[in-house]
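Thanks for coming. I have one model to go through today, and I will keep to what was computed from its atoms.

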Amino acid sequence: MSSPSRRSSSPDSNIEGGSGSGSAGDERKRKRMLSNRESARRSRARKQQRMEELIAEASRLQAENARVEAQIGAYTAELGKVDGENAVLRARHGELAGRLQALGGVLEIFQVAGAAVDIPEIPDDPLLRPWQSPFAPQLAATGADAFQF
């Protein structure tokens with residue numbers, strides 16, 4: 001039992017329009033079906049291309065992520081090394097500061113007792129003044145000469 005609004009797609013069922021009108025409708029229907037198939041094929045091709053692009057991008061991002069993680073690991077190892085060196089230097093600083101304070105106390109006792117204390121001058125060693133760059137005066141002199149024409 002078919003409903004009255006449903007049409008049959010066979011050319012024999014179109015009695016009203018005659019054979020000429022039915023074949024033109026069939027031709028339009030066939031062209032529309034071919035057009036729809038071609039459109040669906042293009043849509044599937046675009047979808048496949050987009051999927052391949054996304055897969056390639058995911059692969060590239062995974063490689064970049066691995067590279068960044070390796071770099072983070074290297075930086076973390078370097079940070080651990082620098083932190084260790086910093087801890088050693090802080091301990092050494094504390095030890096030397098304590099020794100300096102003790103020597104200052106001994107020197108004060110000698111001076112109070114009236115003993116002549118000959119304190120040698122500290123040599124001009126740039127390592128004893130880390131806040132002053134040993135190269136700054138040379139660079140400034142060279143830099144000033146470099147801009148004269």
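I will take the overall figures, then the salt bridges, then a surface patch.

This is a predicted model, in which local features need pLDDT of at least 70 and side-chain atom pairs count only at pLDDT 80 or more, while totals for chains, interfaces and linings use all residues. Residues are numbered from 1 along each chain as its sequence is written, and side-chain values use heavy atoms, with hydrogens and water left out.

Confidence comes before anything else. pLDDT is the predictor's confidence in each residue, on a scale from 0 to 100. The protein averages 79, and 67% of the residues score at least 70. Over residues 1–18 the pLDDT is below 50, and beyond near neighbours in sequence this stretch has 5 contacts in the model, a contact being heavy atoms within 4.5 Å. Where pLDDT is low, the predicted coordinates should not be read in detail.

Now the overall figures. The protein has 2 helices and 0 strands; these are DSSP runs, with helices as H or I of at least four residues and strands as E of at least two, numbered from the N terminus. Of the 149 residues, 1% count as buried. Buried means under 20% relative accessible area, exposed means over 50%, and partly exposed is in between, using a 1.4 Å probe and protein chains only. The accessible surface of the protein comes to about 13800 Å², and 59% of that belongs to carbon and sulfur atoms. Accessible areas come from the Shrake-Rupley method with a 1.4 Å probe, and for residues only the protein chains shown count as cover.

Next, the charged pairs. How many salt bridges does a search of the whole structure find? The search finds 6, where a salt bridge is a side-chain nitrogen of Lys or Arg within 4 Å of a carboxyl oxygen of Asp or Glu.

One of them pairs Arg30 with Glu27, with the closest N and O atoms 2.5 Å apart. Both residues lie in helix α1, 3 residues apart, about one turn of the helix. Arg30 is partly exposed at 43% relative accessible area, and Glu27 is partly exposed at 31%.

Another joins Arg50 and Glu53, at 3.8 Å from N to O. Again both are in helix α1 with a spacing of 3 residues, about one turn. Their relative accessible areas are 46% for Arg50 and 41% for Glu53.

Arg92 and Glu95 also form a salt bridge, with the closest N and O atoms 3.1 Å apart. Because they sit 3 residues apart in helix α1, about one helical turn separates them. Arg92 is partly exposed at 40%, as is Glu95 at 40%. Elsewhere, salt bridges that share partners join Glu38, Arg41 and Arg42 into one network.

Last, the patch. Val106, Phe110, Val117 and Ile119 form a nonpolar patch on the surface, together with about 340 Å² of accessible area. Patches are made of residues with over 30% relative accessible area and no salt bridge, with like charges joined within 9 Å and nonpolar side chains (Val, Leu, Ile, Met, Phe, Trp, Tyr) within 5 Å.
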